[in-house]
Amino acid sequence: MKEKTKTQRERFEETARQLECDEDEAKFNADLKKIAKAKAATGKSRSSKDG
């Protein structure tokens, strides 16, 4: 019997578990700020004005 194809949500949740992600909003925002800061420092931000 063929194994059921996983939904996008199931694949996302599985990957999040493997990466040891959590649901803490404060931690998410702190991590997001780190990413945004690093991206801004490299000057590789993407803007709709860049076309």
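## Lining of the largest pocket

The lining of the largest pocket divides into seven nonpolar, one polar and six charged residues. Here Ala, Val, Leu, Ile, Met, Phe, Trp, Tyr, Cys and Pro count as nonpolar, Asp, Glu, Lys and Arg as charged, and the others, Gly among them, as polar. The model is predicted: local features need pLDDT of at least 70, side-chain atom pairs count only at pLDDT 80 or more, and totals for chains, interfaces and linings use all residues. Residues are numbered from 1 along each chain as its sequence is written, and side-chain values use heavy atoms, with hydrogens and water left out.

The volume of this largest pocket is about 300 Å³. Of its 14 lining residues, Cys-21, Asp-22, Lys-27, Phe-28 and Asp-31 are the closest to the centre. A pocket is an open set of points on a 1 Å grid over the protein atoms alone, where a 1.4 Å probe fits, with protein on both sides within 12 Å along at least five of seven lines; lining residues have an atom within 4 Å of a point. A volume is the space filled by probe spheres set on the points.

Helix H1 (8-18) and helix H2 (25-42) each supply at least two lining residues. H2 gives the most, with five.

## Second largest pocket

The second largest pocket holds about 160 Å³. Its lining is Phe-12, Glu-13, Ala-16, Arg-17, Cys-21, Asp-22 and Glu-23. Three of these residues are nonpolar, none polar and four charged.

## Helices and the loop

The protein has two helices and zero strands. Both kinds of element are DSSP runs, numbered from the N terminus: helices are H or I with at least four residues, strands E with at least two. The 18 residues of H2 should span 26 Å at 1.5 Å a residue, and the end C-alpha atoms are 26 Å apart, which agrees. The expected span is 1.5 Å times one less than the number of residues.

Asp-24 caps the N-terminal end of H2, with a side-chain oxygen 3.3 Å from the backbone nitrogen of Ala-26. Glu-20 lies in the loop between H1 and H2. Glu-20 is not a glycine, yet has a positive phi of about 60°. Glu-20 is exposed, at 72% relative accessible area.

## Burial and surface

Buried residues make up 2% of the 51 residues. Buried means under 20% relative accessible area, exposed over 50%, with a 1.4 Å probe and protein chains only.

The accessible surface is about 5600 Å², and 53% of it belongs to carbon and sulfur atoms. Areas come from the Shrake-Rupley method with a 1.4 Å probe.

Key:
Polar contact = N/O pair within 3.5 Å; in protein donor to acceptor, adjacent residues only side chain to side chain.
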